[in-house]
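Q: Please take a close look at the backbone of this model, at its phi angles and peptide bonds. After that, I would be glad to see the surrounding fold described too.

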Amino acid sequence: MTKTILRALAGETLPTPPIWMMRQAGRYLPEYRATRAEAGDFLKLCYNPDLAAEVTLQPIRRYGFDAAILFADILLLPQALGADLWFETGEGPRLSRITDMAGVAALRPVDAIHDTLAPIYETVRILSRALPGDTTLIGFAGAPWTVATYMIAGRGTPDQAPAHAMKATDRAAFSALIARITEATVEYLSMQVQAGAEVVKLFDSWAGSLKGQDFTDFAIKPAATIIAALKARHPGLPIIAFPREAGDGYVGFAKATGADCVAIDNSVSPEWAAAHVQKDGCVQGNLAPEHMVTGGAALIAATRHVVQAFRGGPHIFNLGHGITPDANPDHVQLMIDTVRGG
Ligand code: CP3
């Protein structure tokens, strides 16, 4: 019996879509907050395989999602490449900045990333033993553009201006950084697969700010390179790509990159995504995460709307972006019951 997520990724249209949720292990869950407190802080939790596996399993135990996503962060890879990384309480990530070619040259060689990332592979090994037999284990990494935006700015930015500026004024350094992240991401994801990840997902959270040729060069091309390299090493490995807020860029993205599934954010309607993206294969998405805060009849109606719109093709039910810390855990259960029960 093949797992439902793997069936959807293989292109099968299922009567009930399999379901998981971005950031399903997170601060909206009291058991997550307790384990994070036990670990000390977020990064210590990421690098503690037993506790990272524990928080990955918490939403599986509570809700019985069809997939578990490895608990880690896209910014661990820059850290493994030599960037300083810390999280400012209530604000978000901070990194040492890459501003020129000397900064790129000073990064650690790609071979060296596994010294830092070994605990992440151990988390994957623990999970592949501990998960229920029908739950799919998803590994992940950030896509090169999104990771580069944090490495260049040293933090999250609303418009990715520092990365766009470096792209315009120091193209050689910018391209070298993208190339280095691309190469490291192949090695990182390949090790996750060797450790037991059954699917991998590339998060390009800031793909929406790349326009025209930049979208081709820095969202499509790096994803295509990573996907081709992974599929050469791991034949049949299913890959989900998430070029968030790509808009028209979603159209043809699976074909252009070789991804098996495109994850869709909630800035586009599910009908539009069904007509223009799902026609090429599996899609994942795209309920607005706000419903996990507000709940009620609107949640039920919006959940049914997403299920109905995508019912004619392969679909994995998910939110359009990560669940937020102010979400109500009961609303998550209501969403799942609505997807599974009608
Ligand atoms: O989806 C999952 O549950 C798997 C784990 C996961 C995390 N981050 C855990 C996390 C995944 C897949 C990510 C991806 C990630 N991290 C992205 C891409 C997806 C997206 O959300 O757009 C990005 C941009 C990051 C970088 C990052 N990590 C930011 C900007 C922040 C701060 C914002 C926030 O929510 O606090 C983080 C922290 C982070 N990563 C948390 C979690 C559970 C919260 C940390 C905490 O417990 O305090």
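A: Happy to. Let me begin with terms: helices are DSSP runs of H or I with at least four residues, strands are runs of E with at least two, and both are numbered from the N terminus. The model is predicted, so local features need pLDDT of at least 70 and side-chain atom pairs count only at pLDDT 80 or more, while totals for chains, interfaces and linings use all residues. Residues are numbered from 1 along each chain as its sequence is written, and side-chain values use heavy atoms, with hydrogens and water left out.

Now to the backbone. Most residues other than glycine have a negative phi, and most peptide bonds are trans. Glu-245 has a positive phi of about 60° although it is not a glycine. You will find Glu-245 in the loop that runs between strand 6 (239–243) and helix 12 (253–257). Its relative accessibility is 42%, so Glu-245 counts as partly exposed; buried means under 20% relative accessible area, exposed over 50%, and partly exposed in between, with a 1.4 Å probe and protein chains only.

Arg-23 is another non-glycine residue with a positive phi, near 60°. The loop between helix 1 (4–9) and helix 2 (30–39) holds Arg-23. With 54% relative accessibility, Arg-23 counts as exposed.

The peptide bond to look at joins Gly-285 and Asn-286: this bond is cis, with omega about -20°. Asn-286 has its place in strand 8 (residues 282–287).

Leu-287 is among the residues in contact with Met-335 once neighbours within four places in sequence are left aside; others include Ile-19, Met-21, Met-292 and Phe-317. Contact here means heavy atoms within 4.5 Å. Met-335 and Val-332 have the most contacts inside the largest nonpolar core, which has 126 residues. Helix 10 (residues 171–195) gives the most to this core, with eleven residues. Such a core is a set of buried Ala, Val, Leu, Ile, Met, Phe, Trp, Tyr and Cys residues joined through side-chain atoms within 4.5 Å.

Gln-58 lies in helix 4 (residues 49–63), and it counts as buried because its relative accessibility is 4%. Beyond its neighbours within four places in sequence, Gln-58 is in contact with Glu-31, Tyr-32 and Thr-35. By contrast, Gln-308, in helix 15 (residues 296–309), is partly exposed, with a relative accessible area of 47%.

Finally, the fold around these sites. The protein chain has 16 helices and nine strands. The C-alpha atoms fill a box of roughly 55 × 45 × 40 Å along the principal axes. Buried residues make up 58% of the 342 residues. Among contacts with a separation of 6 or more, 73% come from residues 24 or more positions apart.
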